[in-house]
Amino acid sequence: MSLCMSGLDYRKADICLRERLSFSKSAVTELDGAIAALPGVRGAVLLSTCNRTELYLDCEETLNPGALLCQAAGVGFADFAEAFLTRRGEDCLRHLLEVACGLQSQILGEDQILTQVKTAAALAREAGSATAELETLFRTASACGKAAKSQVRLTKLPTSAAHQAVHLVEEHLGSLSGKRALVIGNGEMGKLSASLLRSAGCDVSVTLRTYRHGETVIPAGCRAVPYEERYAAMEDADILFSSTTSPHYTVTEEPFREVSRPPVALVDLASPRDIQPEVGDIPGVTLWNMDSLGQALPAGGEELEQVRQLLETHLERFRQWRAYRASIPAQESVKQAAWERVRHYLEGEMDSQEAARMAVEKTVELLAGGLKEHLSPEDWLACGEKIRAHTR
């Protein structure tokens, strides 16, 4: 068994292709379990975001994660074969850490990806599909991403899709002060969009599918609008953002055309898309989706080098964990051999303490002779200190 992954992202797959392999949390959990149950697969973790879908497997080396994902999702692999990138072994490990650090994001160093990596691992855990290797790899990646986020500033520009979208709309319309905005969706991205629009001076309304006083939280200063009344709420609005996990369009062309004074700046932050693409063809309307968002300016060499160093440090920790785990069966063999030597001396004529001391000395001497090319005097001193620490 070995670790590998296949993924498609914004570099090789546009949103039309990506949204066909974009999944809700419940669907991710279901797919994790289904894929882990396939022959030759020991474990699976599926990472699904607006800009990427990646399947990480602990499996036989001959398997293709991308093909298995398409099989489990019920879509033809041929449509995606050219867009998938498959990485194995060290390339797979390094890629996930780069993803968690935001180095592989469309918006360099984006804020949401670290949470998404953690969520992917949690969903696999819920599905029972996260093996020890996958669990530790994702935990290592999350720790690396957290260190990079707290210690290095990769870009001076805002690092979320919502920030970039508000910036695009502001460039398009000029000052947003006094503008009316409607945000469809009250999830993490919807709330962030509403807060940013409010901070920019907009009068903001947020749609809710259900509302119970005191239970549903919307950003401060925003109004709640029932989702069913979203088209009425678009009247006289200047800006429309939509960011939901709905598998269907939240805004379609025909009812949007019936709005007498519809928004002119529309942003779709969902995958699969919330706003029917034909809405963007209506005269006077500008529609952006995730592929419209530009990348943040690249970080300087010093910042990238800092992240690379953090990445190498965490990669080495994972390698050490794997090496130790792989050595456990051999450790058991050494323990058994050591016990047999102790028993041999105990069965002799000397007293038990002297026999035990002699057995330990001979065992350590044998180990030292076998490992003389691998362990330095400092390593042996460290071993002694470790033993003493657990004896006191």
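**Close-up 1. Asn64 caps the N-terminal end of helix α3 in this predicted model.** Here a side-chain oxygen of Asn64 sits 2.9 Å from the backbone nitrogen of Gly66; a polar contact is a pair of N or O atoms within 3.5 Å, where within protein one must be able to donate a hydrogen and the other to accept it, and residues adjacent in sequence count only if both atoms are side-chain atoms. Helices are DSSP runs of H or I with at least four residues, strands are E runs of at least two, and both are numbered from the N terminus. After α3 comes Gly74, with a positive phi near 75°. Since the model is predicted, local features need pLDDT of at least 70 and side-chain atom pairs count only at pLDDT 80 or more, while totals for chains, interfaces and linings use all residues. Residues are numbered from 1 along each chain as its sequence is written, and side-chain values use heavy atoms, with hydrogens and water left out.

**Close-up 2. The buried side of α3 (residues 65-73).** Pro65, Gly66, Leu68, Leu69 and Cys70 are the buried residues of this helix (buried is under 20% relative accessible area, exposed over 50%, partly exposed in between, with a 1.4 Å probe and protein chains only). They pack against β1 (2-9), α2 (25-36), β2 (41-48), β3 (52-59) and β4 (85-88), with contact meaning heavy atoms within 4.5 Å.

**Close-up 3. The largest nonpolar core, with 32 residues.** Such a core is a set of buried Ala, Val, Leu, Ile, Met, Phe, Trp, Tyr and Cys residues joined through side-chain atoms within 4.5 Å. Val45, Tyr56, Leu97, Val117, Leu137 and Phe138 have the most contacts inside it. At least two residues each come from β1, β2, α4 (90-100), α5, α6 (132-151) and α11, and α6 has the largest share of this core, at seven. Leave aside neighbours within four places in sequence, and Leu137 touches Leu3, Leu93, Leu96, Leu97 and Phe318. Another core, of 29 residues, lies apart from this one and includes Ala161, Met189, Ala265 and Met290.

**Close-up 4. The largest pocket, at about 1000 Å³.** On a 1 Å grid over the protein atoms alone, a pocket is an open set of points with protein on both sides within 12 Å along at least five of seven lines, a cavity is a set where a 1.4 Å probe fits but cannot get out, and lining residues have an atom within 4 Å of a point. Grid points are joined across faces, edges and corners, and volume is the space filled by probe spheres set on the points. Of the 38 lining residues, Lys25, Ser48, Cys50, Gln116 and Thr245 are closest to the centre of the largest pocket. α5 gives the most to this lining, with six residues. The lining splits into 16 nonpolar, 19 polar and three charged residues; Ala, Val, Leu, Ile, Met, Phe, Trp, Tyr, Cys and Pro count as nonpolar, Asp, Glu, Lys and Arg as charged, and the others, Gly among them, as polar.

**Close-up 5. The second largest pocket, at about 650 Å³.** Val334, Leu367, Trp380, Cys383 and Ile387 lie nearest its centre, out of 15 lining residues.
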